[in-house]
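Welcome! Please take a moment to look over the chain below, and then we will walk through it together.

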Amino acid sequence: MAANVGKTFLRIVLGQELTRLREQAGLTLAQAAKDAGCVASTVHNVESGTTGFRRIEQLSALLAAYKLSKADAAMLMDWHRQAKGDDWWTTSVSHLPSGMNLYLAMESGASDAKWWCHGVINGLVQTPDYAHELIRSAKVANDTTEEFIEQAVDVRIKRQKRITEEGMELTCIMDEAALTNVVGSSELMRQQHRAIAEMNELPNVTIQIIPKRAPTYRAVGGDFGIFSFDPVQRLEPAVASATVDGTMRVSSKSRQTKQFQRRFEVLARGALPPYETPKFLEQLSREV
């Protein structure tokens, strides 16, 4: 498991794997708890990714009961050790919308992210100035503080390291409106357009735009993202969708993820090909 993944993400991955192993062994929560030397609620919390075992001996005993090989047991024990402590964003969670802790956890461990954005530029490609002005513009409506704004901007910019430093693949489709709705000023928007063009040159980034005149499908119900994970993590794809109040909902239900994957594929077919993105951004910069 990569060293940079979030600790919350590691707890989620470990919990899902322990759930699979317990069910494969045909044991109830109570039976597993007896083997681990703890109460059933502790096993439940570990499987849900909420907490870890207090003592690693409890996990070791549980894995022995599941008859795991030494190699597989060692891997899960290592995940348990790495998952202790807080994530870099933990101190900022109180200043972020509901659901962001789980969202950030999944983003921290994803190998691939696909995003559709309708009204504003995606946070993973925003400049600090754009992010600051965008969040500040909602200050009165959302009754937020200056501290909230600064924390939110800081988290947003740090998230971009997943792409620029850690190599997470990003495919982002944006409606033209996201690029022409002015945030801050025309000059700020031109700077933002240049930043997107530069990021689009990265080998792990693909950015597509749907022109406003394109007679094609648009998912106008809200922005959404689809996360995929390295096979070693044994985690199904997850979908993150934003609500009108900024709450982030994350789901890994198969039916829902497949639905969003179909939507994204249709959006990609209706968007300009990636090689036309720089030219289109130049045109928008002249008009904004």
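How many helices and strands are there in the chain? This predicted model has 14 helices and six strands. Here is a short tour, starting with the whole chain and ending with one residue.

**The chain as a whole**
- Along the principal axes, the C-alpha atoms fill a box of roughly 65 × 40 × 30 Å.
- The chain has 288 residues, and 45% of them are buried.
- If you take the contacts between residues at least 6 apart in sequence, 72% of these join residues at least 24 apart.

- In soluble globular proteins, nonpolar side chains tend to be buried together.
- The largest nonpolar core here holds 73 residues, and the members that touch the most others are Leu-18, Leu-63, Trp-115, Leu-170, Met-174 and Phe-227.
- Helix α1 (residues 7–25) gives this core its largest share, seven residues.
- A second, separate core has twelve residues, including Ala-214, Phe-224, Phe-264 and Leu-267.

**A closer look at Gln-58**
- You can find Gln-58 in helix α4 (residues 56–65).
- Is Gln-58 buried or exposed? Gln-58 counts as buried because its relative accessible area is 8%, and the cut-off for buried is under 20%.
- Its side chain reaches the backbone nitrogen of Arg-54 at 3.4 Å.
- Leaving aside neighbours within four places in sequence, Gln-58 is in contact with Ala-36, Gly-37, Cys-38 and Phe-53.

Note on methods:
Residues numbered from 1 in each chain as written. Predicted model: local features only at pLDDT ≥ 70, side-chain atom pairs only at ≥ 80, totals over all residues. Heavy atoms only, no water. Core = buried A, V, L, I, M, F, W, Y, C linked by side-chain atoms within 4.5 Å. Buried < 20%, exposed > 50% of the residue type's maximum accessible area, 1.4 Å probe, protein only. Helix = DSSP H or I, 4+ residues; strand = E, 2+ residues; numbered from the N terminus. Polar contact = N/O pair within 3.5 Å; in protein donor to acceptor, adjacent residues only side chain to side chain. Contact = heavy atoms within 4.5 Å.
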